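Hi,

Here is the structure I promised to pass on. Have a look at it first, and my notes on what turned up follow below.

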Amino acid sequence: MRDVFTVFTASQYCNVSSKTIINWIDAGHIKAYRTVGGHRRISREDLEAFMLRQGIPIPQAEADEGRKKRILVVDDDPIIVESIVQALEEDAHDYEVVSAADGFEAGLQVTHFKPDLLILDIMMPDIKGYEVCRRIKASPETRHIKIIVLSAYLDEEKFNRMTAEGADVCFNKPLPLPQLLEEVARQLGLDR
């Protein structure tokens, strides 16, 4: 996976001409640096941040190629978070895993970590899981994220509301870890 783009490879990635990339750099829209030989280089992070701001689609095949699947675990119970994170990190699929203790931190992680899948508790101190789901599924940049909801208080009404807000699947806590790992792999399209 490419971490640094030349003007030419950036133009292919954005589906524009090299001259357009140069104009964007000169106008200060894209951060770039020069090599010793005077050639411009753009980091993946800077290019993709610009693309998101401008609504330019990021090629998914390139974005996914060679990258570990990223999982964000959101729960205010540190014991649950630790057990889920440990199980995911020890899984054969070699996931990249981070956690968040509340909805605010989850929002930051979604923006910066760019997870492929979210494991989400409904009841958090600052924001309900419903709202987290709604925000993720409402944004073109994040609506692809798969969401697995875990709740100790999941009745039919909450289940229906969570799926209406965009949850891909809902389970009652405690969900046995082997079953959770199976569901994570299924949601991410991986073989178990």
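**The strands around β6**

Five bridges join β6 to strand β7 (residues 146-151), and the two run parallel. One of the pairs to look for is Leu120, whose bridge partner in β7 is Val149. Please keep in mind that this is a predicted model.

β6 also pairs with strand β4 (residues 70-74): four bridges join them, again in the parallel sense. Here Val73 stands opposite Ile119 of β6.

**The antiparallel sheet**

There is also an open sheet of three strands, in the order β1-β3-β2, with antiparallel pairing. Its edge strands are β1 (4-5) and β2 (33-34), each of which pairs on one side only. Helix α3 (residues 44-54) packs on this sheet and touches β1 and β3; the direction of α3 makes about 75° with that of β3. If you zoom in on β2 and strand β3 (residues 40-43), you will find two bridges between them, in the antiparallel sense. Tyr33 stands opposite Arg41 in β3.

Next, turn to α5 (78-90) and α9 (177-187). Their axes come within 10 Å and cross at roughly 60°. How do the two helices lie to each other? The crossing of α5 past α9 is right-handed. On the α5 side the contact involves Ser83, Ile84, Ala87 and Leu88, which meet Leu177, Leu180, Leu181 and Val184 of α9.

A few spots in the loops deserve a look:

- The peptide bond from Lys173 to Pro174 is cis, with omega near -10°. You will find Pro174 in the loop between β8 (169-172) and α9.
- Asn15 is not a glycine, yet it has a positive phi of about 65°. Asn15 sits in the loop between α1 (7-14) and α2 (18-26). Buried or exposed, then, for Asn15? Its relative accessibility is 72%, so Asn15 counts as exposed.
- Asp94 has a positive phi too, of about 55°, and is not a glycine either. Its place is the loop between α5 and β5 (96-100). With a relative accessible area of 39%, Asp94 is partly exposed.

**Cysteines**

How many disulfides are there? The count comes to zero. Cys133 is in no disulfide: the nearest cysteine sulfur, which belongs to Cys170, is 7.4 Å away, whereas a disulfide needs the two sulfur atoms within 2.5 Å. Cys133 is buried, with a relative accessible area of 0%. Cys14 is buried as well, at 6%.

That is what I have for now. Happy browsing!

Note on methods: Residues numbered from 1 in each chain as written. Predicted model: local features only at pLDDT ≥ 70, side-chain atom pairs only at ≥ 80, totals over all residues. Heavy atoms only, no water. Pairing = 2+ DSSP bridges. Buried < 20%, exposed > 50% of the residue type's maximum accessible area, 1.4 Å probe, protein only. Contact = heavy atoms within 4.5 Å. Axes fitted to C-alpha atoms, helices over the stretch in contact; angles between N-to-C directions. Left-handed = near helix turned anticlockwise from the far one by under 90°.
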